[in-house]
Amino acid sequence: MFKPQEMTRTLLLGAKQDLEHTIELLHSLDIVHIIDFKAPDADQTLHLGAPTIKASGVSQHLLKVRSSAQLLQLNTENQKISQKHSEKQVQQDIALQIQDMEQNIQSLMEAKTRLEEHFRKLDERIRQLEPFASMDIPLEDYQGYGHLLVFTGYVRDLKKLTDTLPTLTPDYELFTSGAEDQMIGLFIVKHHGEDAHKLLNDCGFTEVKLPEGTGLPKQFIEKWTEQKKELSEKLLQTTKDILECRKRYAEFIFASEEYLTIEVQKAEAPVLFGTTEHSFLIDCWIPTQQLPHVTETIEKELNGALYIQQVTSTHDDEPPTLLKNPKPVRRFEYLLELYSLPNYRDIDPSFLLSFIFPLFFGLMIGDIGYGILLILFGVLFMKLFKESEGFTNIGWYIIIAGIFSSIFGLFLFGDMFGLPFMLTHAAEGEAAYSWSSLLGIHIPIPSIIHKMESLGMTQLLVISIIAGSLHLGLGLLIGFFVERKHNKKHAITKIGLLMVLIALALLIFVMADWTIGQWIKPLRGTAVEPLLWGTLIPLVKSGISLGGLIVPYITLVFGILGILIIMVVAGGFGLVEVLEITSHLMSYTRLAAICVAKAAMAFAFNMIGLGLILSGNILIGILGVILLIFMQLMVFALGALSSGIQAVRLHYVEFFMKFYKGEGLRFNPFGYKRKYTSTE
Amino acid sequence: MADAGIIAIGAGVAIGSAALATAWAQKTIGAAAVGAAAENEKMFGKGLIYMVLPETIVLFGLVIAFLLWTKM
């Protein structure tokens, strides 16, 4: 659970006549991660393998199937089919149908394109002729004059044109469409052409070019519209045919695409192998747990024709990462991979992430009302985006965070939607509400920590620092365990940093003595009392006073020792890490900051909203309800967003930096997850 | 009382200036991170980290403001 699956590097050696059988077998096993073969420079006998003979044929078929899928706008991923097709059947179908299918689809598509093109052309011609339709002049009458100029187009100011034209010359004729767009056809003697042009420009003239052809535009338009109607009927039929075709071939396309992809994968597999004239070599990673099963199957299926050699992996090797986690934790692998896939030698922090992340998230929200909303929102999110793996995972995180938030809201903060269930003493604000006072019934859920009081804020800050110390301490410890084998220097630095962290945490705990003292009070009278009050507390508390601040001896010892260790191992530059760990510890105060900021926002909005609702005026009351719902949703959205991001950040930045390297190579077994076909 | 006023102003300046500094840093980083993520989705995680790095600055301001506030 805390480490990726162990891998064993294995070499498989065989004679070329067994190559195809070996590929088939490895593919069906779907558990071998093949390493790309790189021929050693000195070795002239080993070459990169070549694809098998059937590769090009299968690839061509695949190309045809994919182009058909594209033409029919079929997405081959995640489709539902009636039943899985047997590979043999698909193979036969491909031989029989692929040519026909391709021709059918292509001819339908071509017909559709032709019809569309024709339709578009007709449309264009009608559009050109339409302005002339209302003037009832045959097209040939607009042209071919020796002494006349003809202007056709739209004018904005027709009145001005009709008023001014007679003053230029009486030798003209003006035709207008009578329609609102004011299309005109002006026939005027040539020597007044220039004046007419000027006048037209003044009237806002836009020229419309005369279309080619002869005859009355109206007649043409009627004819073409009729043709368009016929065309659109044909087009509709063709589209129907295409849909029919899509329906008929869909399953065949899904199944054959999958089958051919697998075949191409197998045919091109030798490219990953090393080969000589008569033999081949496969270098691969196999999960150690599966190794006996894999070896046994290979031995049995190939009658010992393959030589299997396990290789001890060196530090230069880069084994692929295959995480193994129980199902609820597996969802958090997504959050981890969003940062980076763990390196093979990394500790897999998915399990820690799976409960610390929602814990922080929930603590920052810390309200049963918002908690329940979060759970509902998460469920909705998972339902809405059930196709997307990423979004369903995020929905899951929201649900878990909602549960934590509700627990904190119920048992620690005792509040719902920013309102406490009961007020234990006079609140600091002048008009304070609680669920008990609003509903008129006593709800005995106390607030152990009041977010809106200075004591509560101090307590929250102390909780944040405690959480930070534990989280960072855990990170440093894991870092030490990871590094101790590879880099002793780094490992020792982690110990030094851990000591500095303890020193800092203790200093803060002594400063917050009165808060922590209160929490551990119930332990008095139990078996741990002598240990705590007899030894530990006096030990931690004894120290020297520096300007009124008591610095415990234990802090001094741990701090100085830690810094010395770091400086000896990492040199002066190591001091930067000391500063870094300090700032990282402070960084956890965001837990308190977000928690209080969100509570303060909710408090302010509740005061406004409830003030309006309880004002006594019905209209203002209704307005108050609407306003309050809106404002509460805003607090919820802002709170959930910032809490989520900050909880992620505390992991990505503060926690992971202590031990996590990432940039792992994903375990990619040679095989295929079949969806539409089966080998039976 | 005058002291309390001065302390309150001090606390406000502490958190306000720290918040401004954070915003300034995030503005530049955020723009670059969005650009990087748009080109390569895998950069999203890294971009988010760089983006939220300066947020610690405002927390320093918050802690100082809080320490001042408890002195009021």
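Because the model is predicted, local features are described only where pLDDT is at least 70 and side-chain atom pairs count only at pLDDT 80 or more, while totals for chains, interfaces and linings use all residues. Residues are numbered from 1 along each chain as its sequence is written, and chains are lettered from A, with ligands numbered from 1, in the order in which they are written.

In chain A, an automatic or database domain assignment marks out domain 1 (1-49 + 273-322) and domain 2 (144-209). The centres of these two domains of chain A, taken over C-alpha atoms, are separated by 87 Å.

The inside of the model can be followed through its nonpolar cores, a core being a set of buried Ala, Val, Leu, Ile, Met, Phe, Trp, Tyr and Cys residues joined through C-beta atoms within 7 Å. A residue is called buried if 20 or more other C-beta atoms, placed from the backbone, lie within 10 Å of its own. The largest core has 83 residues, and A:Phe360, A:Met364, A:Leu501 and A:Cys595 have the most contacts inside it. Helix H15 (residues 488-511) of chain A gives the most to this core, with 12 residues; helices here are DSSP runs of H or I with at least four residues, strands are runs of E with at least two, and both are numbered from the N terminus. Apart from this core lies another, of 18 residues, which includes A:Ile23 and A:Phe670.

Chain A also contains strand E14 (residues 543-546) and strand E15 (residues 549-552), which pair in the antiparallel sense over 4 bridges, where pairing requires that DSSP finds at least two bridges. These strands form a hairpin with 2 residues between them, and A:Gly547 in the turn has a positive phi of about 55 degrees.

Chain B has 3 helices and 0 strands. Its radius of gyration, taken over C-alpha atoms, is 17 Å, well over the 11 Å that the globule rule (2.2 Å times the number of residues to the power 0.38) gives for 72 residues, so chain B is more spread out than a compact globule.

Where the chains meet, 18 residues of chain A are in contact with 14 residues of chain B, contact meaning that C-beta atoms, placed from the backbone, lie within 7 Å. The largest share of the side of chain A that touches chain B, 5 residues, comes from H21(A).

Notes: Two residues are in contact if their C-beta atoms, placed from the backbone, lie within 7 Å. A residue is buried if 20 or more other C-beta atoms lie within 10 Å of its own, exposed if 12 or fewer, and partly exposed in between; C-beta atoms are placed from the backbone.
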